[in-house]
Structures are given as structure tokens and as C-alpha cells.
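Q: I would like to learn how to read side-chain features in a model. Can we take them one at a time?

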Amino acid sequence: TLYAHTLDWINKRPADQPWMLTVMTVSSHQPFLDPETLKPDIENAFRYADKQAAQFVQNLRNSGYFDDGMLLIVGDHRSMTPLTSAEEDKFGRAALSRVPMILMGYGSTGVHQGTFQQADLLPSFKHWLSDEYCYRGRMVSLFSPESRGDCALHIRGARPSLIDVNCPDGNGLVELNGDNTRFIENAGIPEDQAADVLRVIARERLAGEKRHQAHMRRLDDSK
């Protein structure tokens, strides 16, 4: 039903009117019910989600959507299950931060080997729409061949005071603690790069605090 409504909405858009739509699926979330039997079944819940997503992509392709449209499929987090030994052997600490992302309808296809993070998505779309982009900190554009991130930062959901840092040469763990924010683990990240990461985190925290204060002022003004 979700995808059917989405296709109907898309087909009713004026051809000369740009738009962006976000669709969030929940079939692959707890309590992991198989929508066809309404019984708990994790494997069939995921198979159903994959099947419906594949049909949605095919319907978009049949409608000609990809002639001038783009589809981004991305997960918001990895599977909420313990790391397997195979994941840990292949990706190390970075396995906790990795999510799938599929981009269709722009440029060539294939596996992209760059380092990107979800914070890169908005500046990437701005770049795609305007042929230019402005990013801060470590944000980069998915659509710029020369733009490659060096480290990806991931705040742990269960412990938001901890940030996983994944870089090409190593990984580490940062603990947020005001002026004493520091690496409590560092496996291979060069000293100058680690110092730069801490500066970026400090700058982003200050910028976030300013945005929060501005938001609260707007709420007060609207009362």
C-alpha cells in the first residue's frame, strides 16, 4: 500500500515541477511480522521488504522515472544484532557504522569505494541540483569525482557520548566530555589526523548549540 500510494503521488506531479519525496518503510522493523501471514518471522519480514522494494523500482523503471529522476535507498542503521565474527574480521570497528546505500538514476553504476557518511547527503543533492556545493567540516559530495572523505564519524545510539571514528589508516573511539573530549581508543589513526577530528567535533558541537539556541528563540517568539 505504501509503495502504491507513492507511485500514485509521483504520477500526479506536474512534469515541470521539481520535487523530493522521502519514504520510510517499517516492514523490516520490530516486531518483524510477516505482512502476508501476520506472524512473527524475521526472515520472511525482510524477504517481503526486499520483494516490495524491488517491485517499486521496477514500476519506476517502467514509468520512465529514471529518465530524469533519482532514487536513493539507504538504511538508517545496521542490523540491530551483535556483530558476527565475519563482519568484525572484514570491517573491524567500522562494521558497527556501515549501512547499505543504493543510488539509481544518475551516472554510471557500480560499487563506490569512497568514504561517505549520511551527513554528506544534503550537500550532495545541493551539488547535483546546482553544479556546486558548499560543505563544512568533513562533509563531501557523492557526485564530485575529486571529493573523497577521509574519516567517517558515527555516534553510538545507545551511548551518544561515544563517537566511532573510521579512517582509511585506522579507527578509534572518541568520548565526549566538554573540554576534555578525547580519543579513548586509537588504532592506527595518525596523530595529526586525530587532532583534526577532535577540532571538527568541537566545531560541530558549537554549531549545533547555536542552532539549538536559535530554534528555542524562534519557539519563544511564536508564543
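Q: Is Leu-2 buried, partly exposed or exposed?
A: This is a predicted model. Leu-2 has a relative accessible area of 40%, so Leu-2 is partly exposed, because that class lies between the cut-offs of 20% and 50%. Leu-2 is found in helix α1.

Q: Which residues make a nonpolar surface patch with Leu-2?
A: The patch is made by Leu-2 together with Trp-19, Leu-21 and Val-23, and its area is about 300 Å². One of these residues, Trp-19, has 31% relative accessibility and counts as partly exposed.

Q: How is a pair of aromatic rings described?
A: Two values are used: the distance of the ring centres and the angle of the planes. In this structure the count comes to five aromatic pairs. One of them is Tyr-3 with Phe-56: the centres are 4.7 Å apart and the planes stand at 25°, so this pair is stacked, because planes under 30 degrees apart count as stacked.

Q: Where in the chain do Tyr-3 and Phe-56 lie?
A: Tyr-3 is in helix α1 (residues 2–11) and Phe-56 is in helix α2 (residues 42–63). They are 53 residues apart, so the pair links distant parts of the chain. Tyr-3 is buried at 18% relative accessibility, and Phe-56 is buried at 9%.

Q: Are the rings of Trp-9 and Trp-19 stacked or edge-to-face?
A: Their planes stand at 85° with the centres 5.2 Å apart, so the pair is edge-to-face; the cut-off for that class is over 60 degrees. Trp-9 belongs to helix α1, while Trp-19 lies in the loop between α1 and β1 (33–34), ten residues apart. Trp-9 is partly exposed, at 30%.

Q: What else is linked to Trp-9?
A: Ring pairs join Trp-9, Trp-19, Tyr-65 and Phe-66 into a cluster.

Q: How many disulfides does the structure hold?
A: There is one disulfide. Cys-151 and Cys-167 form it, with their sulfur atoms 2.0 Å apart. The torsion about the S-S bond is about 110°, so the disulfide is right-handed.

Q: Which parts of the chain does the pair of Cys-151 and Cys-167 link?
A: Cys-151 is in the loop between α4 (121–130) and β5 (152–155), and Cys-167 is in strand β6 (residues 162–167), 16 residues apart. Cys-151 is buried at 3% relative accessibility, and Cys-167 is buried at 11%.

Key:
Residues numbered from 1 in each chain as written. Predicted model: local features only at pLDDT ≥ 70, side-chain atom pairs only at ≥ 80, totals over all residues. Heavy atoms only, no water. Phe/Tyr/Trp six-rings, centres within 6.5 Å; stacked < 30°, edge-to-face > 60°. Helix = DSSP H or I, 4+ residues; strand = E, 2+ residues; numbered from the N terminus. Buried < 20%, exposed > 50% of the residue type's maximum accessible area, 1.4 Å probe, protein only. Patch = residues over 30% accessible without salt bridge, like charges linked within 9 Å, V, L, I, M, F, W, Y side chains within 5 Å. Areas by Shrake-Rupley, 256 points an atom, 1.4 Å probe, with all protein chains shown as cover. Salt bridge = Lys/Arg side-chain N within 4 Å of Asp/Glu carboxyl O. Disulfide = S-S within 2.5 Å.
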